Amino acid sequence: MVLDAELPSYVLRDADGELRGHVRQGRDHGGLVLVHGPSTAGKTRAAAEAIWAELAGWALLVPVVPESLVHLAGARLDLTRTVIWLNELDVYLGAGGRQAEALTRLLALPERPLVVATVRAHQLSDLEEEEAHLGSDGGRRPAQDRRTAAMVAGLLGRARRVRMERMFSAAELARAEELREDTRLADALKSAGRYGVAEALAAGPELLRLLWAHTDAPDGNFGGAALVHASVDAARVGWRRPLSPAVLRELLAHYVPSDLRQEVDEALFERSLRWARRRRRGFSRLLVDDESGNGVMAFDYLVDQAQTRLPPASVPEVLWSVLLGAATPEEALELGHHAQRWRQVAVAVAAWRRAVASPVAKVATEAAGVLGRLLMERADPEGALPYLMQAAQDGDWWAGALAIEWYAARRQYEEALVVVGWRAARQGSVRGTRRSLCNVLAGLARWEELGEVVRQFRETDEGVAPAYLLGCVRLLAERDPKGQYQATDDELNELFVGHVHRRWWELRVEELAGRLDDSSPRCSAAASPVSGESADRESAPVADPAGRQERSEAELLAATVGNGAWDRSEAWHALIARMWSQDRLAQAEELLRKAAASDDVAARVLVQLLRLTGRRTESLAWRRERDGDAYLDLTLLVTQRELGEATRLASENDLREDLVELCAVHGLTEQAVALADGWAREGDPSPAMELYRRAQEWERLLAVVPPHAPADQRFVVSSTGVDYVVHALIEQERLADAESTARRLFEAGEGSHAFVLADLMVRQHQPDEAEELLGRMWRDGSPHHALRARNELGRLLIHQGRYEEAIRVLHDQSLAVRDNVTPPRDPLDRIALARALAGTGAVDTAVGELRQHLEKFEPHSTREVWLTLTELLVTRGRASEAAAMLGQAAGSDAGARYALARYFVRNGRPDQAIDLLSSSRDDNRQFVEDMMCAVLLSTLLRDEGRTDAYQLVLWRAAHLNWLEAAMGLARGAEWQELDDVLWAVDASGLVLPDNFRYLRRRVARNDLTLTQPST
């Protein structure tokens, strides 16, 4: 390979040593070397220079088009001492997974070829985020999507990466100064303070100015600028192939100003294309000719600039139809994905319908799966099921799961059994297939076959988690009319012991065993091993078995030096709580400090104690000495105003949101905004969205992610499940815009936004439309949406005073939705049902429904049930009856205890509430209720000025998982309760690891300000 003599002199980059080292390593071991960074950072030149310097005598292969990669992988060439050049890697990783699979095969060849690739930062972020999105979708994306994303993630994970920065460092600028005899380099150095040297050499800023000077200019080359803008937009929406003259010709009239369209003809097109392809400086052009000679692509610098604009510009709808007309079936599949991202649903559906007919099986299967899922999410089973069945028959596991769920929920078990058969034939007797088979066989009352499946389950899956097998055993216990298929004592004990919900098993095992005609199994919590214990007290609650004797002080002190970090941490907490309650906190702290000098567990406990008691500076010093984690370093850098180093540290350690938050908290609001907006331009809008949500800066949020922004720049507010854009529009009371946006989200396949849409309809006095939508979701939606739709419809009818209709809806159990959740959930929304019954005057029946819910299903969260029961009785003048019921249950049910304490507070008796809550100790059997009781007690003590008392309560009770429970409070709009829990977490002294800091940010609200502090 000979580099072009016309190229400017090469300035050695700081990253060249690392890059060339990777290339040298690739000489012997092959692999993928990936050079990434912004456009015009010098990635291509640096990679080419590295190959030139380190791979003398090697053959160079350049796949001309992405499909060439597939041909190369199957050509059986001798690729010894061969480097494969992939400029813009994202272009080569096309739809259907074929190119990603081909690249994986090439890297595995015994000849060990070396692949050197470049990719822009924005495109690399997109590739990485796709795997993250698939990993957080609850497993509902098609299997082919997941396999392709996993292959791409594997390639990126194994790549030896080097990042090139657009702006030259001081050392690079000094090396460039030594080459000033090259006039092109000298000219570039003149603008080095504003642009990168490589950026100026590539004429990026010059070409951008040229483009905008001619855009919509009647006396300029408006046609050429229009062709460039069309090409840029095509790249923005994910089109990878060069645009042919025919496509550009069709787009030209739609990109010139409307008052100039009469001038568009063949002569203008030819003139415009020549102007856009003209070489401006060096090798730079507005439109770059493709190596294949089949078309042109926009200069990637222009694409980068368009992608980093805030707010991002929309694209004309005609672009989608023109691109679809030019697409192959494989390109149609990928175009459909991008159209869905941009909420162009009609285009996505049309594109996937074309891809379904692809002769490439993987493409057709993936297209059928994604199309079926989109239509099912929109409650269109008639349209969805044929595609889901096609994909399921071809091996798409998740398409089969959706079809089985829908058929089984409507009791169409024979149809479901067909799909189960396809899955079993293709994937064997995997656990998920067997669970589906058990549900279907139970629905068909084919007990003998069900018993055989359960028997196989027991024999072949000895290590399976209890919940898998339990679902099958439960079906037999509940449905087998003859009781023929029994479980032995050993099998029942294996199922129940050590399960996280041990209390439920203790109460239900004899009932289940009796229904199986088994007379004597027992499962005591005291004998049960605790599975999955954490080494850190702050990571997972583990209940003490009921009835365990409290350990003495000597026993606790001995346990602080025992084996196991978790045991030592628990012992320290219990010992300090005991001594604190005896007014011996100083003595306890002295013991703890001595231990902390040599024991990291004791040091972490000491840090929490110092934070809890207001000694934050000392606690920070202990943390820095013991932990020294990146977040602590980031905090120190912000307090010292060293934001350059803080920015580097945040980017390297995924702490961008943390840095923006720290800047806002420390009064560096301008810097917080600049960082957040800058990262949004690079394709990471989450720091900006969270900053502006928490600061209630809705216009700024919409500038980052406007309603037309694509899906990979859109998220839902974690605490409410509502899209950020919809959330911002609602907060601005732009309800019509919010409804329009929510409708687009729903129609694009986000079924959960049907409920947001219905709520917005009600707010705008359109209850009939909301009722029709919810009825459709209940009647035709996927099972996980259908049950929710039934309950939401019932609540809507209650809100309208249509109680009898609400009762009929809420009582309906026509959907045969089965699950393997343990303990089993109540199939009815008893709280809504009770409110409907009370609305008709049947208060006693309503109370009976709530009591049945508590007794039959023993929910782990009973607080809302007891609060509702209390409200129904108190509002009807039966307060004493409510208090009596709560008093009877408060000793054993933390939810009743909380409701009774609230009752006391509302009636002006806080002292009674304090006495009640102080006299009871939780045993972590009802985690949320225990949390709410502890938080309520703490706030009551705080309000009375009893600081030492509330700190002791928080020391005993506070837990990191309170933040997970707080998310549920936010979704239920229990804002006062949420604020109290967040106060308690902050006051408790708990040190939040990364994942819990994330939760803390996501449930925070209205707690940041972007107003500059007065000086």
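Colleague: What should I know about the model before we start?
Modeller: It is a predicted model, in which local features need pLDDT of at least 70 and side-chain atom pairs count only at pLDDT 80 or more, while totals for chains, interfaces and linings use all residues. Residues are numbered from 1 along each chain as its sequence is written, and side-chain values use heavy atoms, with hydrogens and water left out.

Colleague: How many helices and strands does the protein have?
Modeller: The secondary structure comes to 55 helices and nine strands, where helices (H or I, at least four residues) and strands (E, at least two) are DSSP runs numbered from the N terminus.

Colleague: And what share of the residues is buried?
Modeller: Buried residues make up 54% of the 1015 residues; buried means under 20% relative accessible area, exposed over 50%, and partly exposed in between, with a 1.4 Å probe and protein chains only.

Colleague: What about contacts between residues 24 or more positions apart?
Modeller: Those account for 66% of the contacts with a separation of 6 or more, a contact being heavy atoms within 4.5 Å.

Colleague: Switching to charges, how many salt bridges are there?
Modeller: The count comes to 55 salt bridges, each defined as a side-chain nitrogen of Lys or Arg within 4 Å of a carboxyl oxygen of Asp or Glu.

Colleague: Which residue does Arg249 pair with, and what does the pair tie together?
Modeller: Arg249 meets Glu270 in a salt bridge at 3.9 Å, N to O. Arg249 lies in helix α13 (residues 245-255) and Glu270 in helix α14 (residues 266-277), so the pair ties together parts that are 21 residues apart in sequence.

Colleague: What about Arg942 and Asp943?
Modeller: Their side chains form a salt bridge at 3.1 Å, N to O; Arg942 is partly exposed at 29% relative accessibility, whereas Asp943 is exposed at 59%.

Colleague: Which residues do shared partners join into one network?
Modeller: Salt bridges that share partners link Glu657, Asp658, Glu690, Arg693, Asp994, Arg997, Arg1001 and Arg1002 into one network.

Colleague: Now helix packing: how do α33 and α35 sit against each other?
Modeller: Helix α33 (residues 630-639) and helix α35 (residues 656-665) pack at an angle of about 35°, with their axes 10 Å apart. The axes are lines fitted to C-alpha atoms, for helices over the stretch in contact, and angles run from 0 to 180 degrees between N-to-C directions.

Colleague: Which residues meet there?
Modeller: Tyr631, Leu634, Thr635 and Val638 in α33 meet Asp658, Leu659, Leu662 and Cys663 in α35. By class, the residues of this contact are six nonpolar, one polar and one charged, where Ala, Val, Leu, Ile, Met, Phe, Trp, Tyr, Cys and Pro count as nonpolar, Asp, Glu, Lys and Arg as charged, and the others, Gly among them, as polar.

Colleague: And α18 with α19, at what angle do they pack?
Modeller: Helix α18 (residues 345-356) and helix α19 (residues 361-377) pack at about 145°, with their axes 8 Å apart. Among the contact residues are Trp352 and Arg353 of α18 and Leu371 and Leu374 of α19, and the classes come to twelve nonpolar, no polar and one charged.

Colleague: Last topic, how many disulfides does the structure hold?
Modeller: The structure holds zero disulfides, a disulfide being a pair of cysteine sulfur atoms within 2.5 Å. As for individual cysteines, Cys663 is buried at 0% relative accessibility, and Cys933 is buried at 8%.
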